[in-house]
Amino acid sequence: MKRIAVLTSGGDAPGMNAAIRAVVRTAAYHDLQVFGIYRGYQGLIDGEVAELGARSVGGIINRGGTILRTARCKAFYEKEGRAKAADVLAQHGIEGLVVIGGDGSYRGALKLHDEHRIACVGLPGTIDNDIGGTDFTIGYDTALNIALEAIDRIRDTAESHDRVFFVEVMGRHSGYLAMMSGIAGGAEEILVPETPTSIESIVDHLRVNREKGKQSSIIVVAEGDDAGNAIQVAKQVDALANIPNSRVVVIGHLQRGGTPTAFDRVLASRLGVRAVEALMEGTTEKMVGINANNVVLRPFEEAWTCRTQFD
Ligand code: ADP
Ligand code: F6P
């Protein structure tokens with residue numbers, strides 16, 4: 001293998017730049033030519049490809065977002081779109097592709113491999129930590145710490161005003177990020193899609209707490225909770241409990257930006273190195289993950305068949 005490419009796909013995550021840097025520098029170390037593909041699969045279809053030298057990724061390890069940009073691409077769901085993408089790769093003589101993204105991006109990569117024999121290796125990049133086959137995804141730790149800082153700040157004002165705050169945390173269909181930020185932030189309630197939410201039991205807890213003299217509470221709501229988002233949950237609780245002065249905070253995309261934590265930078269660097277080595281060894285259709293602090297290769301399918309569990 002002489003030429004490889006790297007792209008970021010789906011939602012951006014802090015640490016993606018550190019992963020791109022590791023891929024480019026490792027490729028350079030092994031005398032491979034490496035190309036960056038801009039705007040994910042959309043840019044691949046549109047031919048947005050440029051060679052990346054070792055120096056081109058200087059000064060990015062500390063930057064959030066992705067210098068390659070990212071996108072969600074409808075055309076890649078179709079065979080014709082993937083055929084165009086394969087043509088672009090062939091035009092540049094690219095034989096191997098590193099896809100940094102979530103399980104959706106791997107589903108696309110799997111099809112690209114099956115239909116056009118392009119070697120594809122994935123790196124788990126998402127704040128949601130919802131990918132099977134890896135204990136942690138790149139970006140999760142940074143997002144967790146941002147959510148935690150927000151909860152800590154909200155607690156100050158909640159206690160000062162004797163208020164109940166409903167704090168919405170991202171995670172799409174997964175409650176992992178919400179659960180861990182709620183535990184770390186000492187939330188009184190954590191609502192996640194993995195377990196059924198009972199509005200009545202929340203109301204009961206709040207009542208018991210008030211009877212004990214505790215007037216303020218933090219209720220963390222995962223955005224994908226079965227009872228609805230934080231605004232909807234707050235309305236249902238207020239309707240039953242008549243809580244004066246409750247407030248809703250949606251942390252939202254603040255969780256996706258900013259400088260990556262040391263954990264995410266190191267994780268991204270370790271996984272990025274292994275992705276290039278894996279392609280050189282002839283590996284394809286595998287994601288590089290971290291398991292019990294070991295860097296591991298897992299089949300793409302594990303990303304969606306073995307979702308990250310928590311108890
Ligand atoms: P993530 O990779 O973070 O899970 P998405 O699910 O949005 O994010 O997927 C990113 C992109 O991967 C999609 O916009 C699409 O281009 C491609 N993709 C996702 N699922 C498939 C699929 N089943 N077949 C082909 N391409 C897909
Ligand atoms: O997958 C990352 C994520 O931030 C989810 O937590 C969230 O549901 C989704 O992306 C938001 O997507 P968008 O950036 O398109 O609003």
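A backbone N or O atom of Cys-73 lies 2.7 Å from an oxygen atom of ligand 1 in this predicted model, a polar contact being a pair of N or O atoms within 3.5 Å; within protein, one must be able to donate a hydrogen and the other to accept it, and residues adjacent in sequence count only if both atoms are side-chain atoms. A polar backbone atom of Gly-102 is 2.9 Å from an oxygen atom of ligand 1, and an N or O atom in the side chain of Arg-72 is 3.1 Å from an oxygen atom of this ligand. On its own, ligand 1 has 550 Å² of accessible area, of which the protein covers 88%; accessible areas come from the Shrake-Rupley method with a 1.4 Å probe, and for residues only the protein chains shown count as cover.

The model is predicted: local features need pLDDT of at least 70 and side-chain atom pairs count only at pLDDT 80 or more, whereas totals for chains, interfaces and linings use all residues. Residues are numbered from 1 along each chain as its sequence is written, chains are lettered from A and ligands numbered from 1 in the order in which they are written, and side-chain values use heavy atoms, with hydrogens and water left out.

Around ligand 1 there are 15 residues, of which Cys-73, Gly-102, Gly-104, Ser-105 and Lys-111 come nearest; a residue is near a molecule if one of its heavy atoms lies within 4 Å of it. Helix H4 (residues 103–116) gives the most to this shell, with six residues; helices are DSSP runs (H or I) of at least four residues, numbered from the N terminus. By class, the shell of ligand 1 holds four nonpolar, six polar and five charged residues. Ala, Val, Leu, Ile, Met, Phe, Trp, Tyr, Cys and Pro count as nonpolar, Asp, Glu, Lys and Arg as charged, and the others, Gly among them, as polar.

The surroundings of ligand 2 include Arg-72, Thr-126, Asp-128, Glu-223 and His-253. An N or O atom in the side chain of Arg-72 is 2.7 Å from an oxygen atom of ligand 2. For Arg-256, a polar side-chain atom lies 2.8 Å from an oxygen atom of the ligand, and for Arg-172 the separation between a side-chain N or O atom and a ligand 2 oxygen is 3.4 Å. The protein covers 75% of the 400 Å² of accessible area that ligand 2 has on its own. Two nonpolar, three polar and five charged residues make up the shell around ligand 2.

Definitions and conventions:
Helices (H or I, at least four residues) and strands (E, at least two) are DSSP runs, numbered from the N terminus.
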